[in-house]
Amino acid sequence: MTANNMKYGLIYNIVDFNADIVIKRRLIDLGFRKSSNLQLIKRSILKANFLVSVDGVVYAIRKELANKIIVKEK
Amino acid sequence: MQTLCIVGNANSGKTTLFNKLTESFEHTGNFSGVTVDVMEKIVNFKNDNYKIVDLPGIYSLSPFTIEEKVATNYLLKGNHKIINLCEPKSLKRSLNLTLQLIEAGFEVVLLINRVDKHCVSQKIINKIKEELKIEVFELNIRKEKDLSFLFNLQNYKLNGEVDYINKYKKCSNFQNAIVPIKICEEDDEIIKTFNLSNKQLEEIKTQLNKNNLNFETICLDRQILIDKICTTQSVSTTSNKLDKILLNKYLAIPIFLCVMLGIFYITFSSLGSFLSSVLDKLICQDLYVILDNALQSINTNAIFNDYLLTAVIEGVGSLICFLPQIVLLFIFIAILEDSGYLPRLAFLLDDIFKKFGLSGKSLFTFVMSFGCSTSAMLTAKNQDNEKSKIKTMMLAQYMSCSAKLPIFTVLCSAFFTNNALLIFCFYIIGILVSLLVALILQSGKLKTTNDAFVLEIPFYSFPSFDKIIKVALKNGKEFLVRVGGIVLIFMSVVWLLENFNYKLQFVSDSSESLLYSIGSIIAPIFTPLGFGNYGVASALIAGLVAKEIVISTISMLNHTMDNQAGLITSLTASSSLVCFDTASALSFMTFVLLYAPCISSMSLMKKEIGTRYLLLAIALQFAFAYLISFFVYTFALLLSNALIVIILTILVLTTFVIICLSKGKSTCKSCNFSACTSCNKCKSK
């Protein structure tokens, strides 16, 4: 499943990225590394972006980018 | 001279450290992307000169945004000593950058900042020292008094050593591992900066392939080492609790509107208005009489007297009483920036901004434009790409900056009640027009999607009292310098034009003056908007230099005896040279809100976005200003209530925005990606 489908209250592990090398590199630099813990904190009003926590750091990301992060429930 | 570069992730406290080391007051804030350019300052410590360099925040040596490219290019050009700042809450991410600095062969000292908020155990610090073989210091930069150890870095071990680097280093003849590692990471832009020949590049690639080294291995090597040093941290619960209220789907927008209305109420109606009237009474009202009496007693030249009383006292003095309101506005902006609420607003509004081809990051530029759009435009460099930067810079001009504040305050006081609400509505009009312009730009060459938008959300923090005082003093001083400098110069020019004819003879009848000749040519353009008068036309032209000059020119032309009450009364009197009625006042305020950037904004835009986009920006601004002012004037002639006219304008603009939005949907329905070029269904189309 992708990070787009994450549910509140559950912790997920990042498994892989379905993205080109530039986006992949960017995500890894920001701390979205394989096996990192990912958690959904908040969806925006129109549900087009999310607040997620990666190893304790909170980011706002768009659903298009979340679609590129493959996760599995921990 | 030694160069000390301050490097770290965004919002790790780099500029705060730079300010401490150099005793400066550069702009700081509790969100990523505040510093967008390289800042250098030379300081002397114990007879030695040091160049301190503050760089925009980076997450690695593979830049993604414009300001990250600026920082990385600077770093890779020289052999600097690095002060690497990191935060305990994002230690893993920070160490990823530290490792890359060591890989590139930089001399590094690691500072762990904000240790009072999130402590780092001694065990982790020892682990960092042991694994990276560099010096680590814990501190809280805001409170730290003695940072002199940073000028004695030669006493510490700065050349980090990490085991995995050697296997990459062996694949090339370079002294450090950055080239083979960047080849593994397929970062072509950075590889280009090393000017490698094709032969060299192929040789390194062959060696890397031989040793099975690639993107996956370098990521894994770094990850294993970082996981060895520290474990996952938890999220601040206080921030989470506050987010539950402030980002609640039903409460978020009402809370945001209440915050903005509160700021406007305090700035324009209650405290701001009170302080302004006190200053007006204390300084302005009596100054004119005292100076007039003094000049008469010493029998000076009549022309000189007129210049001093009209250009200097009436023109410039009329602006000074707005000082408290301008300072208050900057204080509120600083509080918003420091609290951590702005990035959350950016997250909330990204939903909406996305539909206009913008990202939530544009919000930082827009909010700062309420203070000064020229300095705010620089923050547009935090955008992910050049097109977004150009668009954000062009749109920032529609936000009402503090220089327009005196115009709104004076005209609202003269013609309307409920000033704060009306001024708030003008700010909304500015925002709505900027969204319309964004849609126009999105349909042309500046189309962007920003789908890779990522924004770090910091923890909430209390704005420091010390910073607020400094912001108030700095902006108050800048306003006075501006008034005493550029405003005074241009008021002198306007005075000359008003009092002399083309034969350079002093004229007592203003209809014989040069200003009348010039203003009369332009004035008919504004007749359909209700203010086709040569005085207003001249004020608008003078306002192209700086918007503050608009009100100074009107004050000087109306001979208002240098006080706000006099100026307000003169605007309603039909005998005055510059006068309005309710409809033309509304139309004039709308025109001033939108019509053109000031000269300093224009020169910055020319430098950053080029002449072509600057001309496009000016043309769009003038066209929208004219059309909307005409609309407002026509409605105001039909309806007597100003608030209803403005609310009607807002509703019409909102309808236009919604219609344009519904026509411009371009998201790929099969892959849900706005900039889809790769999905099979889209390709087949």
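The expected span of a helix is 1.5 Å times one less than its number of residues. Helices (H or I, at least four residues) and strands (E, at least two) are DSSP runs, numbered from the N terminus.

This is a predicted model, in which local features need pLDDT of at least 70 and side-chain atom pairs count only at pLDDT 80 or more, while totals for chains, interfaces and linings use all residues. Residues are numbered from 1 along each chain as its sequence is written, and chains are lettered from A and ligands numbered from 1 in the order in which they are written.

**A helix of chain B**

Helix α28(B) covers residues 611-638. Its 28 residues reach 41 Å from first C-alpha to last, close to the expected 40 Å. Among its buried residues are L614(B), F624(B) and Y633(B). Buried means that 20 or more other C-beta atoms, placed from the backbone, lie within 10 Å of the residue's own. The buried residues of α28(B) pack against α18, α20, α26, α27 and α29 of chain B.

**Where the chains meet**

Contact between two residues means C-beta atoms, placed from the backbone, within 7 Å. By that test, 38 residues of chain B touch 29 residues of chain A. Four elements of chain B, α3, α9, α15 and β7, each supply at least two residues of this side. The largest share, five residues, comes from α15(B).

**A sheet built from both chains**

An open sheet of six strands runs β5(A)-β1(A)-β2(A)-β3(A)-β4(A)-β7(B), with antiparallel pairing. β5(A) and β7(B) stand at the edges with a single partner strand each, so one side of each has no neighbour in the sheet. Strands pair if DSSP finds at least two bridges between them. Two of the pairs are set out here.

| Strand pair | Bridges | Facing residues |
|---|---|---|
| β1(A) and β5(A), antiparallel | five bridges | Y12(A) and E73(A) |

Helix α15(B) lies across β3(A), β4(A) and β7(B), and runs at about 155° to β7(B). That angle is taken between N-to-C directions, from 0 to 180 degrees, with axes fitted to C-alpha atoms, for helices over the stretch in contact.

**The core**

A nonpolar core joins buried Ala, Val, Leu, Ile, Met, Phe, Trp, Tyr and Cys residues through C-beta atoms within 7 Å. The largest one has 209 residues. Those with the most contacts inside it are V52(A), Y59(A), I83(B), L411(B) and M589(B). Its largest share, eleven residues, comes from α20(B). Beyond four places in sequence, Y59(A) has contacts including V52(A), V454(B) and I457(B).

Notes
A residue is buried if 20 or more other C-beta atoms lie within 10 Å of its own, exposed if 12 or fewer, and partly exposed in between; C-beta atoms are placed from the backbone.
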